[in-house]
Amino acid sequence: MLLACRDLARSNPHLYDLMFGLSIDGRYSPSRGAGTPIVDGQSAAFKATYVILISACARLVDAKCVRKIDPALIALQLWSAAHGFIMLELAGHFANVADPASQILVASCNNIVVGLGAKRDRVESSTAAVIAGWKSLPDS
């Protein structure tokens, strides 16, 4: 899911910036004041997509791959890591890294899941399989 999000952002950086309110008419202009929480008001499209991430995190907890923690908190950690990475990558900060998706994004998310109690060897073998499959797709 994170790799698909990254690909979409790289293909449409202007839309990615717009989605997060980072630019309007070429200037930084978030739609809310700093620190203003979003409690309700996410779009139906956002909710439909985000529930997929929460469900995946719930499967980690239910399968006892990680310690018992609210799946929504796991989702927020992974979401933060993914979008932080994407914003930094779009700004050109990883230009000197051979494979930023594997070496930074996937590694960071693996570390989060391991920190939540998953076995590193299982996490790394699972993500290695995903990356191999992802790289075999056209335009990846």
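Mentor: A residue is called buried under 20% relative accessible area, exposed over 50%, and partly exposed in between. Arg10 therefore counts as partly exposed, with a relative accessible area of 46%. The model is a predicted one, and the account below should be read accordingly.

A search of the whole structure finds 3 salt bridges. As background, side chains of opposite charge can pair when their charged atoms come close.

Glu89 takes part in a salt bridge with Arg6, where the closest N and O atoms are 2.7 Å apart. For Glu89 the assignment follows from its relative accessibility of 11%, because buried means under 20%.

Glu89 also forms a salt bridge with Arg10, and here the closest N and O atoms lie 3.1 Å apart. Again the pair links distant parts of the chain: Glu89 is in helix H4 and Arg10 in helix H1, 79 residues apart. Glu89 is thus buried at 11%, whereas Arg10 is partly exposed at 46%. Taken together, Arg6, Arg10 and Glu89 are linked in a network of salt bridges.

The remaining pair is found in helix H6, where Glu124 and Arg120 lie 4 residues apart, about one turn of the helix. Their closest N and O atoms are 3.3 Å apart in the salt bridge. Glu124 has a relative accessibility of 39% and so counts as partly exposed. Arg120 is likewise partly exposed, with a relative accessible area of 36%.

Glu124 and Arg120 also belong to a helix contact. The axes of helix H5 (residues 100–115) and helix H6 (residues 120–135) come within 10 Å and cross at roughly 145°. On the H6 side, the contact is made by Arg120, Val123, Glu124, Thr127, Ile131 and Lys135; on the H5 side, by Ser102, Val106, Asn110, Asn111, Val113 and Val114. The crossing of H5 and H6 is right-handed.

Definitions and conventions
Residues are numbered from 1 along each chain as its sequence is written. This is a predicted model: local features need pLDDT of at least 70, side-chain atom pairs count only at pLDDT 80 or more; totals for chains, interfaces and linings use all residues. Side-chain values use heavy atoms; hydrogens and water are left out. Axes are lines fitted to C-alpha atoms, for helices over the stretch in contact, and angles run from 0 to 180 degrees between N-to-C directions. Helices (H or I, at least four residues) and strands (E, at least two) are DSSP runs, numbered from the N terminus. A crossing is left-handed if the near helix is turned anticlockwise from the far one by less than a right angle, and right-handed if clockwise. Contact means heavy atoms within 4.5 Å. A salt bridge is a side-chain nitrogen of Lys or Arg within 4 Å of a carboxyl oxygen of Asp or Glu. Buried means under 20% relative accessible area, exposed over 50%, partly exposed in between (1.4 Å probe, protein chains only).
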